[in-house]
Amino acid sequence: MSFSAGTFIATPSGPVRVERLRIGDLVETLHGGVQPVKWIGRRQYGTPAPEQLPILIMAGAIDDGVPARNLWLSADHGICIDGALIAAGRLINRSTILRDITVESAAYVHIELDEHEVLIAEDCPAESYRDEGPSREAFENAAEFAALYPEPLPWPPVPCLPALDQGFVLEAIERRLTERAGLEPPEPMEGPLLGFVDEAGPRRASGWAQCEASPEAPVCLDILVDGVRVLRALANRYRADLREAWHGSGNHAFSVELPEPTAGRVEVRRTIDQLPLPMTDSCQWSVANRQSGPANDA
C-alpha cells in the first residue's frame, strides 16, 4: 500500500509530491473529504526482488485521464475501480500496466490517515495505508510510529471499500482494461485441464484450475453438491505458490463459500465441457473421513 517517491498526491492547496508530505498535512480523499496525515512510513530497497519492484500504471490506462501521469506504486497497493479496491499487481497487462523491471532501486512512501481512505494520486484513486499489524514492522521508521502512538488501536482499522481478488466482477474489469490497452483478452478454451480441488465442503470449495491451451484465461467452474449445481466460480484468484511453480501469472485459484454447510458430495467441473477437477490426496482423505464419521459414531 505504498507510493513510489515522486508521486503527486492531491491536497487542498494542489498536488504535492508524496515524499514532501508531513504528519498533520491535509490531503484530499475520495469519500471522506479533507483529512490530516496521521503518519508517513518509508521503505527502500537497494536491489529490489521481483515482488518488490513497482507496478507502472501508464497515463490513461484505467480511464481517460486516469491516471493523469504515469503512476508507480507497490504491487499490493489497492486501486479504486468500480467501487472496489484491486491490487495494482492484479491489473498487469504487460502493455499499459506492468511491473517496472528497469528500476535499480525502489523507494516507497506510505500515507496513513486516521481511517482507511482513498487518496488521489496522479488523479487516480488509490488507498491509504491500512494497519495490518506485522506489516508495519517492515518500515524503516516503524519506531517513530510507536513513539507517537504508544497505545494500541482499540479495534482493527475498517477497510473503506471491499477488496476484489477473484470472481466475475474482477474478470470484467481486467477485460475492460485489457481492451482499453488495445490487447485481445485471452479466450476460454477446451483442452487439457490443470489443477486440483483442495477443499470440498462442508463449508467451502477451493483449489485452482488452469487451461493448458490458454493458460492466462480464467477458468469458469461449476460447483455441484450431489450432482446439482449450487455455485458458479471463476478461477482467477492469485496464489504465490502457483506463480512460483511456473503456472503463469499465478491468478488461477478459487475459493468460495457454499450456500450452507453440506454433508453431500461436492464436485468441481469446468463449465464449458463439465470436465471434473480432481481432488488432492488430502482433500480426498478429508472428504472420506467426514463421510465415514457419522457411521463410525453410530
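Predicted model: local features only at pLDDT ≥ 70, side-chain atom pairs only at ≥ 80, totals over all residues.
I started at tyrosine 149, which is partly exposed with a relative accessible area of 28%. My cut-offs here: buried is under 20% relative accessible area, exposed is over 50%, and partly exposed lies in between (1.4 Å probe, protein chains only).

Residues are numbered from 1 along each chain as its sequence is written, and side-chain values use heavy atoms, with hydrogens and water left out.

**Rings**

I paired rings of Phe, Tyr and Trp (its six-membered ring) when their centres lie within 6.5 Å; planes under 30 degrees apart are stacked, over 60 edge-to-face, and the rest tilted. That rule gave me five aromatic pairs. In one of them, tyrosine 129 and phenylalanine 139 have ring centres 5.3 Å apart and planes at 75 degrees, so I logged the pair as edge-to-face. Both residues sit in the loop between strand 13 (124–127) and helix 1 (142–148), ten residues apart. For the element numbers I used DSSP runs, counted from the N terminus: helices are H or I with at least four residues, strands are E with at least two. Tyrosine 129 is buried at 6% relative accessibility, and phenylalanine 139 is buried too, at 5%.

Next I checked phenylalanine 145 against tyrosine 149: the centres are 4.9 Å apart and the planes at 45 degrees, so this pair is tilted. Phenylalanine 145 is buried, with a relative accessible area of 11%. Trp39, Tyr129, Phe139, Phe145 and Tyr149 make up one aromatic cluster.

Which charged ends sit over the rings of tyrosine 149 and phenylalanine 145? I required NZ of Lys or CZ of Arg within 6 Å of the ring centre and within 35 degrees of the ring normal. The charged end of lysine 38 is over the ring of tyrosine 149, 4.9 Å from its centre. For phenylalanine 145 I found arginine 136, whose charged end is 3.5 Å from the ring centre.

Then I looked at an open sheet of four strands, ordered 14-15-19-18 with antiparallel pairing. Strand 14 (193–200) and strand 18 (237–238) are its edges, each pairing on one side only. Pairing here needs at least two DSSP bridges between the strands. I got seven bridges between strand 14 and strand 15 (residues 204–211), with alanine 200 opposite alanine 205. Their hairpin has three residues between the strands, and glycine 201 takes a positive phi near 90 degrees there. Strand 18 and strand 19 (residues 251–257) are joined by two bridges; arginine 237 has alanine 253 as its bridge partner in strand 19.

What does arginine 204 touch? Arginine 204 lies in strand 15 and is partly exposed at 24% relative accessibility. Taking contact as heavy atoms within 4.5 Å and skipping neighbours within four places in sequence, I listed Glu199, Ser255, Val256, Glu257 and Leu258 for arginine 204. Its side chain makes a polar contact of 3.2 Å with the side chain of glutamate 257. Polar contact means a pair of N or O atoms within 3.5 Å; within protein, one must be able to donate a hydrogen and the other to accept it, and residues adjacent in sequence count only if both atoms are side-chain atoms.

Last, I looked up aspartate 281, which is in helix 4 (residues 281–297) and is exposed at 66%. Its C-alpha is 8.7 Å from that of aspartate 198, 83 residues apart along the chain.
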